[in-house]
Every structure is written in C-alpha cells, then in structure tokens.
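The sequence and the model are shown below.

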Amino acid sequence: MKQLSKVVLALSFILFTSSAYAEMAKEGSGSYRGAKSGTLKIITFEKGHIHANFDEAGVIVEAPEDSPFFNASFHSLGTFTSNQGATEGSGGIKFTRPNGDTFYGTFNFGGKYQRGPTSGIVKIIGGTGECSGMQGEIELLPRPKVTTSTGAGTYQNMAIANISWKIP
C-alpha cells in the first residue's frame, strides 16, 4: 500500500508540473477572462458630462496554458470622458507573469457609461525576459454587468477578450 501511494504521488507530481508549467508559445491566439477591481476619480462637468481617471488591478483567470497571459496579473491606468452616456477613453496596461516577466501595452475603448459593456483594443508594444519584443492585440469584448460589493469610488468587473501575440 505504501508503494502504491508513492507511485500515485510521483505520477500526480509529474502530471501537475507538466501541465502547470507548459512551455510558452512564441506565437498564438485565444481568449481570456480576467477579474479586476479599481478606483475612480470623477469630475462632473454638468448633468450627463463627466471625466474620470481609473486605477485598476486584476488577474487573468482563464487563458491558453501556453500563452504569456496564463495566470498573469495586470495593472492599468486610464482616463475617459462620458457625454450623455457615450464614453471614450484610453490608457496603459502592464501584465506580470508568474515568473516575474512583464509585457505591456496601450489601449483605447468606447461604450456607454454605466449602461452596458465597453469594447476596445489593447496594442501590446513590448515586454521583458521571455516576453522581450512581444507584439500583439487584445480585443476587449462585451462583459456582463457586475454589481460591486465595495464602497463608493471603487468597482469590480470582468475583462473578456480575444488575444493574439507574437514574440520574436
């Protein structure tokens, strides 16, 4: 019985480590889902017209196992203006992989303020370590409405996207 448990333990270790640390593909595409929270600083101009800055952080909870996005965390800063609900914004984002390598990009987005999902494009423009020279695109997709469980000035949300990347 002891011998059998040692074999099962060794086999589990081999199977887990091979899937948990799959070799990263230099090129690919797929989809991802992330969870994030952030803070807002809002200036109200007049009814229906605002400008806001946001600072958010999150983690990717679903991505191709061989992608640089797999189990990465992210931090983004951005700004947007909303006029009668029509919203446009931009910002920057940095991803950190479990091994400490990073990749980063800039984004633009649009949508309806507090009335529905936004959409946009993130352009990946570089990285460090294994992600050095990385290029790619993240197509931000509509996401479900999430009601925050935190206080005023903070939010929680999801990120849903299609991704593509290439590392030289």
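## Strand 1 and its partners

In this predicted model, Tyr-32 stands opposite Ala-161, a residue of strand 8. The two strands concerned are strand 1, residues 27-46, and strand 8, residues 154-166; they pair in the antiparallel sense, and 13 bridges join them.

Strand 1 also pairs with strand 2, residues 49-62, again in the antiparallel sense and over 13 bridges. Within this pairing, Lys-41 has Asn-53 of strand 2 as its bridge partner, and Thr-44 has Ile-50 of strand 2.

## The barrel

Eight strands close into a barrel, with antiparallel pairing in the order 1-2-3-4-5-6-7-8. Direction ignored, neighbouring strands of this sheet are turned by 25 degrees against each other on average.

Strand 2 and strand 3 are antiparallel and share eleven bridges; here Phe-54 stands opposite Gly-78 of strand 3. Strand 4, residues 86-96, runs antiparallel to strand 5, and eleven bridges join the two. Thr-87 has Gly-111 in strand 5 as its bridge partner.

## Aromatic pairs

How many aromatic pairs does the structure hold? There are twelve aromatic pairs. One of them is formed by Phe-54 and Phe-107: the ring centres are 6.3 Å apart and the planes are at 25 degrees, so this pair is stacked. Because Phe-54 lies in strand 2 and Phe-107 lies in strand 5 (residues 102-112), the pair ties together parts that are 53 residues apart in sequence. Phe-54 and Phe-107 are both buried.

The rings of Phe-69 and Phe-103 are arranged in another way. Their centres are 5.0 Å apart and their planes stand at 80 degrees, so the pair is edge-to-face. This pair, too, links distant parts of the chain: Phe-69 is in the loop between strand 2 and strand 3 (73-83), while Phe-103 is in strand 5, 34 residues apart. Phe-69 and Phe-103 are buried. Both residues belong to one aromatic cluster, which is formed by Tyr-32, Phe-69, Phe-74, Phe-95, Phe-103 and Trp-165. Tyr-32 in this cluster is the residue that stands opposite Ala-161 in strand 8.

The side chain of Lys-36 makes a polar contact with the side chain of Glu-56, at 3.3 Å. Glu-56 is also among the residues in contact with Lys-36 when neighbours within four places in sequence are left aside.

Notes
Residues numbered from 1 in each chain as written. Predicted model: local features only at pLDDT ≥ 70, side-chain atom pairs only at ≥ 80, totals over all residues. Heavy atoms only, no water. Pairing = 2+ DSSP bridges. Helix = DSSP H or I, 4+ residues; strand = E, 2+ residues; numbered from the N terminus. Phe/Tyr/Trp six-rings, centres within 6.5 Å; stacked < 30°, edge-to-face > 60°. Buried < 20%, exposed > 50% of the residue type's maximum accessible area, 1.4 Å probe, protein only. Axes fitted to C-alpha atoms, helices over the stretch in contact; angles between N-to-C directions. Polar contact = N/O pair within 3.5 Å; in protein donor to acceptor, adjacent residues only side chain to side chain. Contact = heavy atoms within 4.5 Å.
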